[in-house]
Structures are given as structure tokens and as C-alpha cells.
Amino acid sequence: MKVDAVRAKKSNYLPTVLTKDEVLAIIQKLSGVYQLLIKLLYDTGLRCGNNLEFRASDS
């Protein structure tokens, strides 16, 4: 069986990566819950969707 497949083109896209100092500068400008959530994302490697699943508890 012959398959006429086309090979994907190589991407020229390079992801933008912030330095540690740039990330810390951004985090320092945040406060409260926003700072906490960004710290969780950065320090643990969680994705944004995982962070949105967290819920505050009153107890």
C-alpha cells in the first residue's frame, strides 16, 4: 500500500524566553492573589489551565 504523505515544513519560529531577572521584575510588580498565582506557575511549571482549577477555601 502506497501512502502519498507530505513532509511538514520546518518552522522558523523561536519561542521568546524571559531571563530570571525579567521574570522577577514582573512578579515584583504584582500583588496579592495575582502574585501568588504567577509564582505558582513559574516555580512549579504548572500550565495556566491548572492554575485556574485552584479554588480558595474559607476553612
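Tutor: Helices (H or I, at least four residues) and strands (E, at least two) are DSSP runs, numbered from the N terminus. This is a predicted model, in which local features need pLDDT of at least 70, side-chain atom pairs count only at pLDDT 80 or more, and totals for chains, interfaces and linings use all residues. Residues are numbered from 1 along each chain as its sequence is written, and side-chain values use heavy atoms, with hydrogens and water left out.

Student: Which pattern does the protein follow along the sequence?

Tutor: The protein has three helices and zero strands. Read along the sequence, the pattern is α-α-α.

Student: In which helix is confidence lowest?

Tutor: Confidence is expressed as pLDDT, the predictor's score for each residue from 0 to 100. The protein averages 83. Helix H1 (residues 20–29) has the highest mean, 94, and the lowest, 71, belongs to helix H3 (residues 48–52).

Student: How are H1 and H2 oriented to each other?

Tutor: Axes are lines fitted to C-alpha atoms, for helices over the stretch in contact, and angles run from 0 to 180 degrees between N-to-C directions. H1 and helix H2 (residues 32–44) pack at about 160°, their axes 9 Å apart. Angles under 35 degrees count as roughly parallel, 65 to 115 as roughly perpendicular, over 145 as roughly antiparallel and the rest as oblique. H1 and H2 are therefore roughly antiparallel.

Student: What percentage of the residues count as buried?

Tutor: Buried means under 20% relative accessible area (1.4 Å probe, protein chains only). Of the 59 residues, the buried share is 7%.

Methods:
Buried means under 20% relative accessible area, exposed over 50%, partly exposed in between (1.4 Å probe, protein chains only).
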